[in-house]
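The exercises below are meant to be worked through with the sequence and the model side by side. Each task is followed by a solution that goes step by step.

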Amino acid sequence: MRLRLDYMGDRLVYNSGVVTDYFSTQIPTFIQKNNQRSQNHALTAQFKSETNKRGYYLQDKLTLSGIWDKSNSAITGSFNHSQRADRRNFSVENDLKLVKRNEKKLFTLISRHTLLHRPYRLLVSGSGDAEQSIGTTDFRSTTETQFGKLKRFWKYYLTAGLDLNYHRMNNRLTGLGEFDNNGVHEAFLSNLYTSPQIDYDRNGWRISCRIPLRWLHHSIAGQYDYVNISPRINIWRQLTAKSELSGSVAYRLNAPKAYLNVNVPVLSDYRNLFIADNPNKYASDAAATLSYRYRNPMKSLFFNLSATYNYSRSSMMSNQLFVDDFIISTYTDRISDNDSWYFKGGFSKGLGHSKMVVGADANTSYASASSMRDNAVIPYRQTTAGIKPYFKGSVACFLSLNYEAEYGFSRLDIDDKINDYHTFHQNLFATIIPNDDIHFTVGTEHFLTRFPEGNIANLVLLDASAVWKASNRIRFSLTANNLLNRRNYEYVNYGTLSRSEHSFRIRPRSILASIQYRF
């Protein structure tokens with residue numbers, strides 16, 4: 001049995017900026033500078049009981065937690081606003097797990113009950129004032145059992161469960177004219193599911209077939225019933241003692257999310273509104289993966305390669321509406337397709353009797369999809385690539401090194417316009433251990449971003465620490481972060497139909513001295 005109490009308090013001064021280009025002459029470039037102060041307090045109590053015997057395993061865990069989070073922001077740039085957010089989260093959770101197994105049968109029972117209460121409040125002040133208050137109470141009960149029968153080459157499993165969820169939301173929005181609303185929304189969701197599975201393992205072949213089936217009932221702004229199915233087949237083949245080939249094929253038919261039936265405006269921040277559309281339509285996706293792996297422990301040589309294809313289709317398409325100073329995110333009744341490829345591979349080689357390892361990982365992806373902006377369909381394509389070489393290990397008995405470098409490339413094509421950027425990140429850490437009681441660590445990181453216009457952001461960070469173990473009970477440590485006192489960090493990324501350049505004011509040089517005493 002174990003009783004654990006945790007408290008965490010954090011105060012943060014946060015300075016950041018973002019410049020967003022929407023690749024449209026009708027939508028001006030958005031500039032935001034945010035000076036934010038936040039406070040966070042979290043308190044958690046957990047009692048855990050665990051029994052592990054020959055015939056069964058039993059675990060029961062009770063967790064109580066409370067989180068208080070508030071922040072104040074002064075926002076300048078395209079708009080001048082102040083913003084205050086208050087968030088509280090109280091929860092009680094009980095988690096029970098029972099496992100019984102012998103040579104021929106397996107039985108598992110999992111029961112989880114959770115009660116959450118989350119009152120949130122958002123205040124926006126500027127040319128006009130707005131207030132968003134959302135209080136949610138959520139009770140969820142999940143009970144799941146699994147039965148398995150084990151034979152010589154075959155294994156049969158049957159998983160079944162019932163997931164019940166009661167959700168109550170009290171929503172009030174004022175100060176936005178036509179978007180103002182006030183009401184209580186209640187929902188009861190039930191999810192009855194079963195998942196038969198068959199495994200076959202013989203002569204280097206391992207085949208697994210699983211067919212999850214769900215019946216969902218949503219009682220929210222009406223009564224709705226759905227059926228979800230997501231079959232999956234995995235095939236694994238041992239080619240030689242050192243190599244193997246595996247593949248999988250999966251399909252999913254997904255019901256619409258329950259929250260889409262609550263179509264009142266919800267204010268996310270001073271600029272973004274979300275309005276659901278009650279689509280009541282299914283979405284589907286399919287995926288296929290093929291992987292190869294080679295392992296030679298005697299020579300410390302490892303190699304892997306995989307390819308994945310994903311295709312998804314939905315009867316609704318996300319739509320961004322730019323109305324005055326607001327971005328309204330919603331959905332439109334329109335077919336949406338998305339297909340993507342993802343390739344990755346890597347190798348590693350041990351040196352010096354496996355005291356050192358060198359290797360590299362690489363990946364590339366391609367995605368093609370469409371989205372809507374101001375009710376117009378805009379197709380786009382995104383391509384990414386990256387490579388990550390590394391070296392780690394003990395150069396000498398008193399010195400170990402760890403070096404990693406990562407290069408990334410990303411390109412977004414919209415209406416035959418090409419936008420791309422390059423990133424490079426590398427770090428080197430060295431640990432010096434003159435004896436068993438003293439060790440030193442020095443680390444440096446280098447970040448480099450090349451923006452589409454050709455300008456470059458460059459950042460070098462240096463950290464160091466020292467530890468002295470005075471005795472079996474007393475331990476002293478000294479840690480210094482950002483020794484070069486670098487204060488700014490910049491990077492760029494792509495959204496669905498936009499490019500954002502971010503800048504951050506990072507923490508200055510800091511030194512922490514610690515004393516630990518063990519009873």
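**Exercise 1.** State how many positive and negative side chains the protein chain has, and how far apart the centres of the two sets lie.

*Solution.* In this predicted model, the protein chain carries 64 positive and 45 negative side chains. The centres of these two sets are 11 Å apart.

**Exercise 2.** Find which residues gather with Lys-105 in a patch of positive charge, and decide whether Lys-105 is buried, partly exposed or exposed.

*Solution.* Begin with the surface, where Lys-104, Lys-105, Lys-149 and Lys-151 form a patch of positive charge. Next, place Lys-105 in the fold: this residue belongs to strand β5, which covers residues 105-125. Finally, take its relative accessible area of 45%; because this value falls between the limits of 20% and 50%, Lys-105 counts as partly exposed.

**Exercise 3.** Locate Ser-300, classify it as buried or exposed, and list its contacts beyond four places in sequence.

*Solution.* Ser-300 sits in the loop that links β16 (283-296) and β17 (301-323). Its relative accessibility is 12%, and because buried means under 20%, Ser-300 is classed as buried. When neighbours within four places in sequence are set aside, Ser-300 touches Ser-348, Lys-349, Gly-350 and Ser-354.

Key
Residues numbered from 1 in each chain as written. Predicted model: local features only at pLDDT ≥ 70, side-chain atom pairs only at ≥ 80, totals over all residues. Heavy atoms only, no water. Helix = DSSP H or I, 4+ residues; strand = E, 2+ residues; numbered from the N terminus. Buried < 20%, exposed > 50% of the residue type's maximum accessible area, 1.4 Å probe, protein only. Contact = heavy atoms within 4.5 Å. Patch = residues over 30% accessible without salt bridge, like charges linked within 9 Å, V, L, I, M, F, W, Y side chains within 5 Å. Areas by Shrake-Rupley, 256 points an atom, 1.4 Å probe, with all protein chains shown as cover. Salt bridge = Lys/Arg side-chain N within 4 Å of Asp/Glu carboxyl O. Lys, Arg positive; Asp, Glu negative; His and termini not counted. Charge placed at Lys NZ, Arg CZ, Asp CG, Glu CD.
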